[in-house]
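Biologist: I have the sequence and the structure open. Can we go through it by question and answer?

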Amino acid sequence: MSTAVPIVLAGARGHGRWHLDNIRRLQDKGIVRLAGICELTPLGADELPEGLGSPEQSADFGALLDATGASVAVICTPIPTHTDLALTAARRGVHILLEKPPAPSYAEFRRMADGVAEAGVVCQIGFQSLGSGAVPAIRTLMAEGAIGEIVGIGGAGAWARTEAYYRRAPWAGKRRLNGVDVIDGVLTNPLAHTVATALALGGTVHAEDVTAIETELLRANAIESDDTSCVRVTTAHGPQIVVAATLCAEDPDDPYVVVHGEHGRITFWYKQDRVLLQRANHGPEEYEYGRTDLLENLVEHLTDGTALLVTPDATGAFMKVVEAIRLAPDPAPLPDEAWQLLPGEPDEQRRVVPGIDGLVAAAADTLALYSELGAPWTPEARTKEVST
């Protein structure tokens, strides 16, 4: 269809496969057309979902954008490449869907956001959970006083990753690679949505909304970065936010954000778009919401002016958390007795931290850090960064 928006996807393997399937879905609706794929090694026919045709392929992103006349670029590449690729697109007048985290440092984030604004193009940051209809619905419940005055917001993510997960790419589990920031930690990448969603519900989205950040960064795996961490964000106007996360869960479960009020709580399982409202003198109420796809929202913004859901500026507070984690001392290794290696095939072996599932939930529930909950392995891991 002639009105279909031409798209180039940079990074079509790994998580990029999700984008390929999503582009195929939108192409079937006549909204977009996959014009090109940027990969260091071209995709084979077996790697391309059926029905996507024969998009042009090149390892040169700029040349591919020029050759295809793309209007939108989806960037799903290693974290340290995000800023330069986004600016390559912006200078050509190409609009952008940029995967999270948008950048590995606040300086790189500002370089990207300022360059995009200067070029006059639109950039959507890929926090898919912020496309959930649950987010504005919860904000309305909070504003209407459904659970009384808001006393804080907790986030909990208890996931599992194998040791092989950290061997999937040279930058995996790194804080820096060849002198360049990566910051591939549990709170900044795999469970970044938990942090971003908690901040969004609290109305703490801009960088200047953040007044202080405390971090406790730990690791059970033999990596540079953190895999078991918690963070407390103090805000200028909104409630205090505590997010705890691990990739070493005993019994992995869906992450969630919980809003604590004087007279109740609202729990949001953001991967399911499911909300549970519990309040005094009422039975529990459960709701499920639809979700707006962020690429579809970006295209609708370009074609009919629909409001963009996740602008770079709306991720400024999240990037302040990334920056605090970047500036914190390197994550403390957990003592050997604090974790166990689960038996299994070599590629399926993973490290678990006994008791961590309960600690993650308790942190979200009580807005306390691991050290304040009495975890024996935390005291030296704690750092406080006060934003300027």
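Biologist: Which residues does Thr235 touch, not counting residues up to four places away in sequence?

Modeller: Keep in mind that this is a predicted model. Thr235 is found in strand S11, residues 228-235. Leaving out residues up to four places away in sequence, Thr235 touches Thr204, Asp209, Thr211 and Ile241.

Biologist: Is Thr235 buried or exposed?

Modeller: Buried means under 20% relative accessible area. Thr235 has a relative accessible area of 11%, so Thr235 is buried.

Biologist: Which backbone oxygen does the side chain of Thr235 reach at 2.6 Å?

Modeller: A polar contact needs N or O atoms within 3.5 Å. The backbone oxygen of Pro239 lies 3.4 Å from a polar atom of the Thr235 side chain. At 2.6 Å, the side chain of Thr235 reaches the backbone oxygen of Gly238.

Biologist: Turn to Gln27. Which backbone oxygen does the side chain of Gln27 reach?

Modeller: Gln27 sits in helix H1, residues 16-28. Beyond its neighbours within four places in sequence, Gln27 is in contact with Val32, Arg33, Leu34, Gly51 and Leu52. At 3.1 Å, the Gln27 side chain reaches the backbone oxygen of Gly51.

Biologist: How are H2 and H3 oriented to each other?

Modeller: Helix H2 covers residues 61-68 and helix H3 covers residues 82-91. Their axes come within 10 Å and cross at roughly 30°. Angles under 35 degrees count as roughly parallel. H2 and H3 are therefore roughly parallel.

Biologist: What is the handedness of the crossing of H2 and H3, and which residues make the contact?

Modeller: The crossing of H2 and H3 is right-handed. From H2, the contact is made by Phe61, Gly62 and Leu65. From H3, the contact is made by Leu85, Thr88 and Ala89.

Biologist: How many residues of that contact of H2 with H3 are nonpolar, polar and charged?

Modeller: Gly counts as polar here. The residues of the contact of H2 with H3 divide into four nonpolar, two polar and no charged.

Biologist: Why is helix H6 described as largely enclosed by the rest of the structure?

Modeller: Helix H6 covers residues 192-201. Its buried residues include His193, Thr194, Thr197 and Leu201. H6 is largely enclosed because the buried residues number 10 of the 10.

Technical notes
Residues numbered from 1 in each chain as written. Predicted model: local features only at pLDDT ≥ 70, side-chain atom pairs only at ≥ 80, totals over all residues. Heavy atoms only, no water. Helix = DSSP H or I, 4+ residues; strand = E, 2+ residues; numbered from the N terminus. Buried < 20%, exposed > 50% of the residue type's maximum accessible area, 1.4 Å probe, protein only. Polar contact = N/O pair within 3.5 Å; in protein donor to acceptor, adjacent residues only side chain to side chain. Contact = heavy atoms within 4.5 Å. Axes fitted to C-alpha atoms, helices over the stretch in contact; angles between N-to-C directions. Parallel < 35°, antiparallel > 145°, perpendicular 65-115°, else oblique. Left-handed = near helix turned anticlockwise from the far one by under 90°.
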